[in-house]
Amino acid sequence: TDELAAAIPYNANKAGEHGEASTFPEEGQTVAPSDPFVTGSTLTETVASPKVGSGEPRLRFNAGNEPLDRVRADSSNQTLTTNQGVPVGDNQNSLKAGYRGPALLEDFILREKITHFDHERIPERVVHARGSAAHGYFECYESLAQYTCASLFAEAGKRTPVFVRFSTVIGERGSADTVRDARGFATKFYTDEGNWDLVGNNIPVFFIQDAIKFPDLVHAAKPEPHFAVPQASTAHDTFWDFVSLMPESTHMLMWLMSDRAIPRSFRTMQGFGVNTFRLVTAAGESRFVKFHWQPLAGTYSLDWDEAVKISGADPDFHRRDLWEAIECGAYPEYELGMQIFTEEQAEQFSFDVLDATKIVPEELVPVKAVGRMILNRNPDNFFAETEQVAFCAAHIVPGLDFSNDPLLAGRIHSYVDTQLTRLGGPNFHEIPINSPVAQVHNNQRDGMHRQTINRGRVSYEPNSLAGGCPFQAGAAGFRSFPEPMKGDKVRGKPERFADHYTQATLFWNSQSAVEKVHIIRAFRFELTRVQSPAIRQRMVAMLENVASDLAESVARGLGMDTLPPPLPKALKKDVTPEVSSSPALSLFARPGDGGIRMRRIAILVADGIDGRITTLHAGLLGEQAVPRFVGARLGSVQTTEGKIQVDVTLEAMPSVLFDALVVPGGSEGVEALARLGQALEFVKEQYRHCKPILVLGYGRKLIEASGIRWTLRAGGQDSGLLHFEDEDIGNALDRFIEAIAAHRHFERETDPPPV
Ligand code: HDD
């Protein structure tokens, strides 16, 4: 196993530092910091790309995030000091008048330490408080000069450093990762012409059309204010009360009730810019654009029951997964896509592209792949980087511009504004993680925590005393697209905004049968938690405008005998959509690359199992999966071939934390497992959550003891439940890899579940 791991750069032992890796470094030893100027700049490393090939990237001025290294600190082999750099002799005892006497006010060492500690916390983000982030780079596939003069899209192979923060929306900073919620997908591009923040979500539409409703939406979704319950969940009255009175949220609700809202990993979800933006060329021509992130690993989600259990077993499930993937060298990768279209095209659409509750179906405008993003470096310090990073929808660069989407307009204001409170003043752009790689020169001065030491007597423009510097960039600087304006000053919306259901129906029509069942289940769960029958009724009345089968199934699930009349529609005339179904909207449209990198695979072990299982373990490791020997207790088990070290226990890492299961052969070992309640539970849950299970030889007894059938209830074969004899392990591996790559085997799913 070790040889195999050494032969490939991928290192599964970094996934959680289990097993032998956990004994490094030895106790009392410090690991020397790597020299950032020699090896630290991971951005110079080369990852082969199918689109631009391999080889040294063209680095240009903006290739690294070395400016951050200036402030990285490592205390290895250093003396403890105060914040003033004074060496501290004793960090155990405060200064006292005699050993049993009172502590002295003059103890500046004690006071500095406690005072700093007292102020360690800053306000959490009002939304998206819970997040995890990583460094990486974006690499452009080809010049996009015909569409935009944005420098990051200037030429093939050009790399721009990025920092990406993924988040949940509603939960507080310490809430669980696997709750049902939209996920934030915010990317800061440190381009050579300033920072561009693409602050998106994993769902391409939003609840509301106008920013003026955002505080209402968030207040309704957050824990109810009188008793601060529930945490990180929309399954309560105030949320459903609000959205059932805001039919424009119907489309987003469909996405939110789908498995998109419980992703398997940040690595397996799409990202979207949501709002419509503009691309602007050097000649000043403009087109509209919608941004898409496509994960290379495919789009995979959790089962709801599984997600709930993971919240207890490992609330940091997504954070850990992202961290481990990067530590292992299995760098998460996403392709950036653009839907580019003209204003004239947009006018012909049956929907308004300024309405953030609408998508542009890919059948109308295909997604053009323009580059890829690799996340290859974990932050050194969660607070300094992940917590202090400030994304702002207002941060754009020459070559991009905003559309008149009224939701976007509010966002342009809100993000900068919120940082003033969260990060304590107007100089948050100087915090290392926020400061651009491009140089900053202007006459803005002072404010809390100013870092820059601006030289000279001139802080105004125009000036003659500083030779007019810094001077305007003129045509080379940011220019807003000179869009012609007309119309009265009004509070209101254009007519097409009033169509609240056509695209919700489109989404429903585009889902597979399995996805539809999951959506119905999610509505049933959430609305069952709603106490007020009137709100449940109103929601069902709203769903009748989406699809009658959906509304009927949800109503049945809620024990309603009769359907209420449909909610009156705001738009009286019918809308004829361009497409009635769009396959790209199904999660199954993006199955990934067939690989099983970073999939966690449990191999149950006990004294007396067939020792040939180690071959399978090595095979899975070779595929860059993360196989783990799971036993009742830590230590080793005696197999027919020799000893195996147990990596983790059934108790510490229950079934929901694994993507697949191997039940080994060996009668004595299997009988021992069958006597363990936790092992039986483990098998049952793997089965219930439709995960691939490989059973070897006598291991079939454990399956039978768990009450699992070999064939499907509906007849036919279960493609995810494989049985091979112990000696046939080579064939078993290939079939198992295929089954794992498929992720889930929903053909076995029933409602209620079979076990
Ligand atoms: Fe927002 C944070 C995404 C609408 C106001 N938003 C925030 C983050 C993401 C989004 C990913 C977390 C950034 C991070 O990791 O630090 N928000 C969206 C998307 C929206 C959206 C995709 C719809 C298109 N947001 C939206 C509106 C408003 C805000 C309409 C206000 C009018 N959002 C904020 C905020 C936050 C924020 C209050 C909280 C913390 C922060 O900004 O830095 O300003």
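Analyst: Helices are DSSP runs of H or I of at least four residues, strands are runs of E of at least two, and both are numbered from the N terminus. By that scheme, F471 falls in the loop between α11 and α12 (502–509). This is a predicted model, in which local features need pLDDT of at least 70 and side-chain atom pairs count only at pLDDT 80 or more, while totals for chains, interfaces and linings use all residues. Residues are numbered from 1 along each chain as its sequence is written.

User: Is F471 buried or exposed, and why?

Analyst: Count C-beta atoms, placed from the backbone, within 10 Å of the residue's own: 20 or more others means buried, 12 or fewer exposed, anything in between partly exposed. F471 counts as exposed because it has 12 C-beta neighbours inside 10 Å. H441 is 30 residues away along the chain, yet the two C-alpha atoms are separated by 9.2 Å.

User: And where does D90 lie?

Analyst: D90 sits in the loop between α2 (36–40) and α3 (108–118). It is exposed, because 9 other C-beta atoms lie within 10 Å. D90 and I109 are 19 residues apart in sequence, and their C-alpha atoms are 9.5 Å apart.

User: Which residues does UniProt mark as "active site"?

Analyst: UniProt positions follow the numbering used here, feature names are shortened, and annotations may be inferred rather than shown by experiment. The unreviewed entry marks H128 and N201. They are spread over 74 residues of sequence but cluster in space, with a largest C-alpha distance of 10.4 Å.

User: What surrounds each of the two, H128 and N201?

Analyst: Contact means C-beta atoms, placed from the backbone, within 7 Å. H128 is in the loop between α3 and β1. With 23 other C-beta atoms within 10 Å, H128 is buried. Beyond four places in sequence, H128 contacts S167, V169 and G184. N201 belongs to strand β4. It is buried too, with 25 other C-beta atoms within 10 Å. Leaving aside neighbours within four places, N201 contacts A182, R183, G184, F185, F272 and V274.

User: How many residues surround the ligand?

Analyst: A residue is near a molecule if its C-beta atom, placed from the backbone, lies within 6 Å of it. Here 26 residues surround the ligand, and the closest are R125, H128, G184, V274 and G410. Helix α11 gives the largest share, six residues. At least two each come from β2 (159–168), β3 (183–191), β4 (194–201) and α11 (406–422).

User: What classes make up the shell?

Analyst: Ala, Val, Leu, Ile, Met, Phe, Trp, Tyr, Cys and Pro count as nonpolar, Asp, Glu, Lys and Arg as charged, and the others, Gly among them, as polar. The shell has 13 nonpolar, ten polar and three charged residues.

User: Which residues carry the "binding site" feature?

Analyst: The unreviewed UniProt entry lists R125, R165, F214, R411, Y415 and R422. Take two of these positions. F214 lies in helix α4 (residues 214–221). It is partly exposed, with 17 other C-beta atoms within 10 Å. R411 is in helix α11. It is buried, with 21 other C-beta atoms within 10 Å. R411 touches A211 and A393, residues up to four places away left out.

User: How do I read strand pairing?

Analyst: Strands of a sheet pair through backbone hydrogen bonds, either parallel or antiparallel. Two strands pair if DSSP finds at least two bridges between them. β1 and β2 run antiparallel, joined by nine bridges. Y137 has P161 as its bridge partner in β2. β1 also pairs with β9 (residues 368–377), antiparallel, over six bridges. There, C140 stands opposite G371. In β1 (residues 131–140), ten of ten residues are buried.

User: Which strands stand at the edges of the open sheet?

Analyst: The sheet has six strands in the order β15-β12-β11-β16-β17-β18, with parallel pairing. β15 (648–649) and β18 (721–724) stand at its edges; each has a single partner strand, so one side of each lacks a neighbour in the sheet. Strands β11 (residues 600–604) and β12 (residues 626–631) are joined by five bridges. L604 is opposite V630 in β12.

User: What does the domain assignment give?

Analyst: Such bounds come from an automatic or database assignment. The chain has domain 1 (131–230 + 262–430), domain 2 (498–589) and domain 3 (600–748). The C-alpha centres of domain 2 and domain 3 are 39 Å apart.
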